[in-house]
Amino acid sequence: MKVTFVIEDALPNRWVGPEITPHLWALQTEGGRCEAGGQAVMSSATYPNHASFVTGLQPVDHRVMVNRVWTGSDFVSSASVGPVGETVFEAARRAGRSTAAILGDHKLIGVMGAQDADVHWPPGGVRPDVELDEFRYATNQAVLDAYDSHHPGPGAVDLTVVHFNDPDTACHIHGPDSPEARQRLRLADADLGQLIERLRPEWDDMVVILVSDHDQERVWGDGFDLSAVLDQLGLPGTVEPEGTAALVVDGPDTETLLGLEGVQGAVEVDATSTLVWGPAGQVFGPWHESLHGAHGGPRCRTQVAVVGGGHPVVADLAVSLGRRRPSAIDWAPTLAALCRFDLPDSTGRSLLAD
Ligand SMILES: [Zn+2]
């Protein structure tokens, strides 16, 4: 069996259908999907969820709670730290399985520990010299080109992870429900179709899992400055804005935070950190007013969860997806079960364990 795990960054589950995502729709027609969608871990940001995809751990365990990681004194790029806990790349290697990671967001190499894959692109997680999108991530076409030039072929690798960034960029710029974003989602689906064509020669042996890491919601304004609010009130805390959520470290207690302007919900993440979010439309700043979509809070937790491919086990996965909404932490143990390696520290539940 060969497994291809594809992430379409920020693809909204509500737009999965024959009109906007015909290739994805065809994939789920021969396999299955969770109609209600999977569930992101919080914050509903890209790096916490990708760290969960590869470790099967909650953010409190892999420590990537927002896109940057708190070191005890500072927030630093999670790409330079990586997740705490064993990744599927390390675990697969331990069991003699081969892996590849072709990732449109170069920082995901570090975030996912993908430098431990047998093949990874872009090398070293450095921004590649290819066609880049508006946010300077590799375009979907560049990812397909990298697949062609770096991947040994669909029959030659046990577990392949592919990340397409384009839907996230499009939804940030235009807002996730805009006609412009939907048009870009159609183009991204055509790119997915091209990847699926590359897998066809091994189809009978192939399991394709396609997910998104989070949804997006429409936002406006130049960003709500929670840090300034704490300062004005003489309250402690370091604020890390994460789109429609923010992480407050060493700040006031939850009750005090819930009493603040711009804070609608709060959950204690660990002894020192609280994740907060605001009302619909509010993004934590600083923020570029020209960007109309964001994510981070609980309204963006819905993920796409689709399975397809020609291998007989696809039917079992489809039944499981029909029964329950998978969490982001359930995919790593599912990949481990499919590719027959152990991932003992994962707290997720394999879809094959149902
Ligand atoms: Zn994003």
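Begin by selecting Arg 340, which is found in the segment after helix H13 (331-339). The model on the screen is a predicted one. Arg 340 has a positive phi of about 55° although it is not a glycine. Most residues other than glycine have a negative phi, and most peptide bonds are trans.

Next, colour the chain by domain. The domain assignment gives domain 1 (2-216 + 295-353) and domain 2 (226-290). The centres of domain 1 and domain 2, taken over C-alpha atoms, are separated by 28 Å. Select the contact between them: 18 residues come from domain 1 and 20 residues from domain 2.

How much area do domain 1 and domain 2 bury between them? The figure is about 1,500 Å², with 62% of it on carbon and sulfur atoms. On the side of domain 1, select Trp 70, Phe 75 and Arg 299, which lose the most area to domain 2 and together account for 33% of what that side buries.

Now display the polar contacts. Across the interface of domain 1 and domain 2 there are 8 residue pairs in polar contact. Strand S4 (68-70) and helix H8 (166-174) are the elements that give two or more residues to the side of domain 1 that touches domain 2. The residues of that side divide into 9 nonpolar, 6 polar and 3 charged.

**Salt bridges between the domains**

The count of salt bridges between domain 1 and domain 2 is 2. Select Arg 63 and Asp 270, which form a salt bridge with their closest N and O atoms 3.0 Å apart. Arg 63 is found in the loop between helix H3 (59-62) and S4. Its phi is near 80°, a positive value in a residue other than glycine. Arg 63 is partly exposed, with a relative accessible area of 32%.

Move on to Arg 68 and Glu 240, whose side chains meet in a salt bridge (2.8 Å, N to O). This pair links distant parts of the chain, with Arg 68 in strand S4 and Glu 240 in strand S11 (residues 238-242), 172 residues apart.

Select Glu 268, found in strand S13 (residues 265-268). Glu 268 is exposed, with a relative accessible area of 57%. Leaving aside its neighbours within four places in sequence, Glu 268 is in contact with Thr 254, Ser 273 and Thr 274.

**Arg 184 and its two partners**

Select Arg 184 together with Glu 134 and Asp 166. Glu 134 forms a salt bridge with Arg 184, the closest N and O atoms being 3.0 Å apart. Arg 184 counts as buried at 16% relative accessibility, and Asp 166 is buried at 11%, while Glu 134 is partly exposed at 47%.

Stay in this region and select helix H7 (residues 140-150). Its buried residues are Asn 140, Ala 142, Val 143, Leu 144, Ala 146 and Tyr 147. They pack against several elements, including strand S6 (99-103), strand S8 (159-164) and helix H9 (179-199).

**A buried histidine**

Select His 311, in the loop between strand S17 (305-308) and helix H12 (313-323). His 311 is buried, with a relative accessible area of 18%. A polar atom of the side chain of His 311 lies 3.0 Å from the backbone nitrogen of Val 313. Not counting residues up to four places away in sequence, His 311 touches several residues, among them Met 1, Trp 203 and Asp 204.

**Two cis peptide bonds**

Finally, select Met 42 and Ser 43, which are joined by a cis peptide bond with omega of about 5°. Ser 43 is found in the loop between strand S3 (38-39) and helix H2 (46-55). The peptide bond from Gly 285 to Pro 286 is also cis, with omega near 5°. Pro 286 is found in the loop between strand S14 (273-277) and strand S15 (293-294).

Key:
Residues numbered from 1 in each chain as written. Predicted model: local features only at pLDDT ≥ 70, side-chain atom pairs only at ≥ 80, totals over all residues. Heavy atoms only, no water. Domains from an automatic or database assignment. Contact = heavy atoms within 4.5 Å. Buried area = accessible area lost by both parts, 1.4 Å probe. Salt bridge = Lys/Arg side-chain N within 4 Å of Asp/Glu carboxyl O. Polar contact = N/O pair within 3.5 Å; in protein donor to acceptor, adjacent residues only side chain to side chain. Helix = DSSP H or I, 4+ residues; strand = E, 2+ residues; numbered from the N terminus. Nonpolar A, V, L, I, M, F, W, Y, C, P; charged D, E, K, R; others polar. Buried < 20%, exposed > 50% of the residue type's maximum accessible area, 1.4 Å probe, protein only.
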